There are 2 protein chains.
Amino acid sequence: MAKLLSGTEAARSLTDQLQLRCSELKKRGVIPSLCILRVGSDPGDLSYEKGAGKRCEMCGIRLKTIHLSGDVLQEELLQVIRQQNEDPSVHGVLLLRPLPSGIDAHLTANTLLPSKDVDGMTDLSLSGLITGTKTGFAPCTAEAAMAILDHYGIDAAGKRAVVIGRSLVFGKPAALMLTQRNATVTLCHSKTADLPSIARQADLLVVACGQARMAGRDFFRPGQIVIDVGIHQGEDGRLCGDVKFDEAQGIVDAITPVPGGVGAVTTTILAKHVVEAADKADE
Amino acid sequence: MAKLLSGTEAARSLTDQLQLRCSELKKRGVIPSLCILRVGSDPGDLSYEKGAGKRCEMCGIRLKTIHLSGDVLQEELLQVIRQQNEDPSVHGVLLLRPLPSGIDAHLTANTLLPSKDVDGMTDLSLSGLITGTKTGFAPCTAEAAMAILDHYGIDAAGKRAVVIGRSLVFGKPAALMLTQRNATVTLCHSKTADLPSIARQADLLVVACGQARMAGRDFFRPGQIVIDVGIHQGEDGRLCGDVKFDEAQGIVDAITPVPGGVGAVTTTILAKHVVEAADKADE
């Protein structure tokens with residue numbers, strides 16, 4: 001049976017470190033603070049907001065939430081973001097997405113200061129993934145996958161990594177982060193031919209295609225490490241990932257569970273970014 | 001024998017189109033203008049400056065060159081860039097690189113307005129490669145490789161592409177551009193294990209490792225399209241690429257020559273960006 005790479009454990013260890021860093025910042029008179037900005041009342045947003053808030057409080061981060069109506073005007077939303085930019089007591093801003101269809105998502109995201117962009121949604125945060133410089137922050141879920149590798153001492157260098165899914169919030173950032181870690185990365189997507197055979201070539205297989213239980217037996221071989229980034233409510237009502245866990249765990253060396261995998265680390269990375277932003281702002 | 005993918009021909013065809021676009025812009029009173037900014041007197045810079053100038057003049061682009069001494073102060077250089085940013089008669093700025101060691105290259109590049117960044121060196125130009133939006137411009141050499149594919153009607157969609165070399169000016173941008181074109185891209189580099197066998201998996205092999213004649217017989221198989229991005233003076237005094245051309249041409253389906261390949265298109269893409277920048281500025 002495959003070894004379980006527990007996101008819950010990785011998150012616990014990171015949270016311990018963040019509590020220490022928060023205490024130290026407080027000694028310097030700095031209370032790391034996050035503003036969560038939600039437009040509308042999407043149930044997924046509400047659930048993520050709750051989880052993020054809980055984790056931040058565990059770490060010692062002060063929380064402010066702003067809730068705007070789903071029919072907010074573009075200019076009103078930008079104005080709220082500009083106010084957070086100017087407010088020195090706010091170190092990071094999490095804007096929950098997707099935004100309503102009437103809102104220009106690119107303009108809205110890029111109104112936020114990169115120094116407060118704790119979920120890596122501005123162009124300047126994303127460019128940092130290409131240049132390898134610390135401009136802004138990486139998207140939290142992509143960094144959460146890296147944090148699980150780090151927690152279990154898995155060195156990506158020299159490995160063949162296959163990332164399935166080329167989204168802006170996960171696939172492309174994760175591919176660039178793994179390249180930065182000296183993995184040889186293949187980025188697959190909906191137009192990839194013969195996906196299972198490419199997946200089997202991976203030493204490190206990262207599945208983020210957004211389809212419940214997409215990756216089955218033919219994607220795996222012994223020796224692989226599998227990171228499952230999906231989270232879905234399966235037909236049987238149980239939570240599941242993009243991977244057919246039951247088929248993978250008998251074949252591969254190690255795998256993240258769902259729930260309790262990557263998703264369990266994402267809000268802790270968010271908290272880490274807030275602490276880093278507060279630390280930088282105080283320099 | 002492999003079909004030759006001639007950059008010279010692709011450049012000629014693009015130049016014809018650019019001459020037309022320049023004439024049309026001139027009818028509207030707009031003369032596309034490029035400022036080449038050179039620090040010091042590196043022979044490679046001088047040669048590229050000469051080639052770029054000649055190509056721009058062929059297209060109908062007005063040229064201005066600014067030459068600063070190799071011991072220029074950081075602030076003086078930034079001031080010159082700011083002046084070009086503010087000058088409405090300058091549509092694009094090409095800053096020759098690498099810059100002298102005393103100069104902060106990242107700060108210098110990012111002082112340039114992305115709208116005038118015709119060689120894709122600002123963070124915002126690079127972020128456009130991830131987001132797929134038209135923010136700034138792509139690095140010219142990476143786009144030159146795409147232009148050769150376009151000229152010969154080669155559709156990257158569904159193909160396995162392997163890019164060797166992860167530089168900021170070519171490898172990473174080219175990998176992202178090929179992903180955008182629906183290729184399944186593997187990005188290789190100095191830490192990649194068993195490079196020849198990965199290279200052989202490519203339908204489209206793009207070699208940009210910066211080592212003369214690095215890729216030999218064992219990198220190739222029949223059916224491949226090979227793009228050679230290197231240019232070096234070989235030990236025998238002849239120009240050569242990163243590929244052992246003599247070994248490749250008997251095996252693969254199509255290959256770019258060196259000289260007369262990607263390098264022959266780069267300055268034409270620069271000219272294209274200047275025309276696009278002038279067109280946008282006039283909107």
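I began with helix H1 of chain B, residues 7–27; helices here are DSSP runs of H or I with at least four residues, strands are E runs of at least two, and both are numbered from the N terminus. H1(B) has 21 residues and reaches 30 Å from its first C-alpha to its last, close to the 30 Å expected at 1.5 Å a residue (the expected span is 1.5 Å times one less than the number of residues).

I noted the provenance: this is a predicted model, in which local features need pLDDT of at least 70 and side-chain atom pairs count only at pLDDT 80 or more, while totals for chains, interfaces and linings use all residues. Residues are numbered from 1 along each chain as its sequence is written, and chains are lettered from A and ligands numbered from 1 in the order in which they are written.

Which residues of H1(B) are buried? I found Gly7(B), Ala10(B), Ala11(B), Leu14(B), Leu18(B) and Cys22(B). Buried means 20 or more other C-beta atoms within 10 Å of the residue's own, exposed means 12 or fewer, and partly exposed is in between, with C-beta atoms placed from the backbone. Down the axis of H1(B), the buried residues fall within an arc of 100 degrees, so they line one face of the helix; the arc is that of the directions from the helix axis to the C-beta atoms. On the other side I found Asp16(B), Ser23(B), Glu24(B) and Lys27(B) exposed.

I then checked what the buried residues of H1(B) pack against: helices H2 (43–59), H6 (140–151) and H10 (263–281) of chain B. Contact means C-beta atoms, placed from the backbone, within 7 Å. After H1(B) comes Gly29(B), with a positive phi near 85 degrees.

Next I looked up the largest nonpolar core, which has 170 residues (buried Ala, Val, Leu, Ile, Met, Phe, Trp, Tyr and Cys joined through C-beta atoms within 7 Å). Val163(A), Val206(A), Val163(B) and Val206(B) have the most contacts inside it. Leaving out residues up to four places away in sequence, Val206(B) touches residues including Ala145(B), Ile164(B) and Val229(B).

In chain A I traced an open sheet of three strands in the order S3-S2-S4, with parallel pairing; strands pair if DSSP finds at least two bridges between them. S3 (62–68) and S4 (92–95) of chain A are at the edges with a single partner strand each, so one side of each is left without a neighbour in the sheet.

Last, I checked the interface: 26 residues of chain A are in contact with 26 of chain B. H5(A) gives the most to chain A's side, with seven residues.

Notes:
Contact = placed C-beta atoms within 7 Å.
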